[in-house]
Each structure stands twice: as structure tokens, then as C-alpha cells.
Amino acid sequence: MVKKIWYAILLLLLIALDQITKILALNKLSDGTIVPIIKNVFELNYVENRGAAFGMFQGKFPILAALTIIVLVIIVYMFFKIPNEKKYGILRFTLVLLTAGAIGNLIDRIGRG
């Protein structure tokens, strides 16, 4: 039970970090500013994807929201069905990462369209 509380705290921290970085990107990069991190190799710029991976389902909010919720239910079910053994720690951590990403995207779809 204590480990699951730590996973819940990690989940909340990851969601917060996701939202903070998106707000920073919106505030600092949406005007077209490009921030080079490693010259000619890696830079930050602002791009919006209003769909799923590679822009699929753009403008299909109900489908994307429903799919996200279905995936979240499956992930949470899997999380609680995994045996409480140390060897499954990486799998649990991965499910927390996936959940945080899915919730972050759902927040964006609902809050930012």
C-alpha cells in the first residue's frame, strides 16, 4: 500500500511537471522564438498537434477523449492486477509514466482544445 501511495505522488508530480512545461512553452515559445540547446543539433520551438500521434484524428475530440479514458481504465486495471513483487517495479513505473502522459493530454484537450 505504501508503494502505491508513492506511485500516486509520482503520478501527480509528473502531471504537474507536464502542465508546467506546456505553460512555459506556450508563454516563451509561441511567438516563434527558437531556443537552441545544442547548436545545429537540438533546439526548442513551439508546435501544436491538435490530434493524436502524427496529427491523426485532428478535430475529433470525442473520439480522442473516449480513447484516452478507455486506455486509462485499462492501465489502472493493469496497475492493480500486477503482483506486488520487486521484479514488476519497472512495469509499474512505466504504467505511471503512461498514465501521466495520458492525463496530461486529456487535460490539454479539455482545457486548451
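Gly104 is buried, its relative accessible area being 0%, where buried means under 20% relative accessible area and exposed over 50%, with partly exposed in between (1.4 Å probe, protein chains only). The model is a predicted one, in which local features need pLDDT of at least 70 and side-chain atom pairs count only at pLDDT 80 or more, while totals for chains, interfaces and linings use all residues. Residues are numbered from 1 along each chain as its sequence is written, and side-chain values use heavy atoms, with hydrogens and water left out.

Gly104 sits in helix H3, helices (H or I, at least four residues) and strands (E, at least two) being DSSP runs numbered from the N terminus. When residues up to four places away in sequence are not counted, Gly104 touches Asp18, Gln19 and Lys22, a contact being heavy atoms within 4.5 Å.

The 28 residues of H1 should span 40 Å at 1.5 Å a residue, and the end C-alpha atoms are 40 Å apart, which agrees; the expected span is 1.5 Å times one less than the number of residues in the helix.

The same check can be made for helix H2 (residues 61–81), where 21 residues at 1.5 Å each should span 30 Å and the end C-alpha atoms are 30 Å apart, in agreement. In H2, the buried residues are Leu64, Ala65, Thr68, Leu72, Ile75 and Phe79. They cover an arc of only 95° around the axis, which puts them on the same side of H2, the arc being that of the directions from the helix axis to the C-beta atoms. An α-helix has 3.6 residues a turn, so residues three or four places apart point the same way. On the other side of H2, Pro62, Val73, Tyr77 and Lys81 are exposed, whereas the buried residues of H2 pack against helix H1 (2–29) and helix H3 (89–112).

The second largest pocket is lined by Lys4, Tyr7, Ala8, Leu11, Ile75, Val76, Phe79, Phe80, Leu95, Val96 and Thr99. A pocket is here an open set of points on a 1 Å grid over the protein atoms alone, where a 1.4 Å probe fits, with protein on both sides within 12 Å along at least five of seven lines, and lining residues have an atom within 4 Å of a point. H1, H2 and H3 are the elements that give two or more residues to this lining.
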